[in-house]
Amino acid sequence: MHKMAFLNILQNNLKESADKLGLGSNFIFQQDNDPKHTVFVVKEWLLYHCRNQLNTPPQFPDLNVIENLWPHLERAVQKHQITSKEQLKSVLQEEWPNIAPETTRHLVESMPRRLEAVISAKGYATKY
């Protein structure tokens, strides 16, 4: 994915996703240091549209709740007989919106515990 595709996702989905989770504008947006996340155009857009941000190290799954969401999506996808890349893409797009908001909310609400665990472990791996 390139920077403009990522920016388009933010522009079209961030507010709606926060609203679906019942967060309104009271949320902390988290992303790692992937290059498409750190380009000027994305950082500038976030500066004006997302006051609270948490930047985490790349490849640090203990503080990246999306890493815990992938298994939910994988289980849903495995229920299908995938025979091509096109079918996989279609199934992913079909199953992604079916992930229960409660699942996502639970993961988001686990962030304070995750942060405490990382601090206690002095940056080493935790149970998350």
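This passage describes the salt bridges of the structure and the surroundings of arginine 114. The model is predicted, so that local features require pLDDT of at least 70 and side-chain atom pairs count only at pLDDT 80 or more, whereas totals for chains, interfaces and linings use all residues. Residues are numbered from 1 along each chain as its sequence is written, and side-chain values use heavy atoms, with hydrogens and water left out.

Three salt bridges were identified, each defined as a side-chain nitrogen of Lys or Arg within 4 Å of a carboxyl oxygen of Asp or Glu. Helix α1 (residues 3-20) holds aspartate 19 and lysine 15, four residues apart and thus separated by about one helical turn; helices are DSSP runs (H or I, at least four residues) numbered from the N terminus. The side chains of this pair form a salt bridge with an N to O distance of 3.1 Å. Aspartate 19 is partly exposed at 38% relative accessibility, and lysine 15 is exposed at 60% (buried, under 20% relative accessible area; exposed, over 50%; partly exposed, in between; 1.4 Å probe, protein chains only).

Lysine 20 and glutamate 16, also four residues apart in helix α1, are joined by a salt bridge of 3.5 Å, N to O. Lysine 20 is exposed at 59%, and glutamate 16 is partly exposed at 43%. Aspartate 34, partly exposed at 25%, pairs with lysine 36 at 3.2 Å, N to O.

Arginine 114, in helix α7 (residues 111-120), is buried at 2% relative accessible area. Beyond its neighbours within four places in sequence, arginine 114 contacts Pro61, Asp62, Leu63, Val65, Asn68, Leu107 and Tyr128 (heavy atoms within 4.5 Å).

Conventions:
Helix = DSSP H or I, 4+ residues; strand = E, 2+ residues; numbered from the N terminus.
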